[in-house]
Amino acid sequence: MSELKPPAAWWAVARSEEVTGLKPLSADIADQPIVLWRDKQGVARALEDRCPHRRAPLSLGCIRESGWIQCGYHGWTYDGETGRLKEIPKEQEIVAYCRGPYCLMAFEAVAELRKKGRSARRLEDGFPEWRSAGLPVEIA
Ligand code: FES
């Protein structure tokens, strides 16, 4: 997830009572969309309002019981404290690609994911082949 870089100043973007643990709130800081919500402990959290997966606005998602925010598009879930990916829905296959078609880490990643009951496979070719096949590519 890209790092949220707010301007070096305090900006009022919402009233405290508008930021809840019930529904994400969309706001802007200097034309940068952000999503606000409260986690399980009631701490206000903010992330860029774009899911790292396919850039859907996280503010259209929901807040899970865990206090993490879940994207409404494919269901990926992020921790508001770190912005890190915490969960991918179980029914989604994970394609492992590390440093190229011969990268050993991709084999290990697939083995680990399968051990945990996830559907996973290694990307057989490289990034250029994936792209030329017209498969989705997003470069941050
Ligand atoms: S766009 Fe958010 S999970 Fe896919």
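Strands here are DSSP runs of E with at least two residues, numbered from the N terminus. The model is predicted.

Q: Is V13 buried, partly exposed or exposed?
A: V13 sits in the segment before strand 1 (25-29). It has 16 other C-beta atoms within 10 Å. A residue counts as buried at 20 or more such atoms and as exposed at 12 or fewer, so V13 is partly exposed.

Q: Which residues does V13 touch, not counting residues up to four places away in sequence?
A: V13 and S119 are 106 residues apart along the chain, and their C-alpha atoms are separated by 41 Å. Contact requires C-beta atoms within 7 Å. Beyond four places in sequence, the residues that V13 touches are A27, I29 and L36.

Q: In the hairpin of strand 2 and strand 3, which residue takes a positive phi?
A: Strand 2 (residues 32-38) pairs with strand 3 (residues 44-48) in the antiparallel sense over 5 bridges, and I34 has E48 as its bridge partner in strand 3. The hairpin has 5 residues between the strands. The residue with a positive phi, near 85°, is G42.

Q: What distance separates the centres of domain 1 and domain 2?
A: Domain 1 covers 16-87 and domain 2 covers 94-132. Taken over C-alpha atoms, their centres are separated by 28 Å.

Note on methods: Residues numbered from 1 in each chain as written. Predicted model: local features only at pLDDT ≥ 70, side-chain atom pairs only at ≥ 80, totals over all residues. Domains from an automatic or database assignment. Helix = DSSP H or I, 4+ residues; strand = E, 2+ residues; numbered from the N terminus. Contact = placed C-beta atoms within 7 Å. Pairing = 2+ DSSP bridges.
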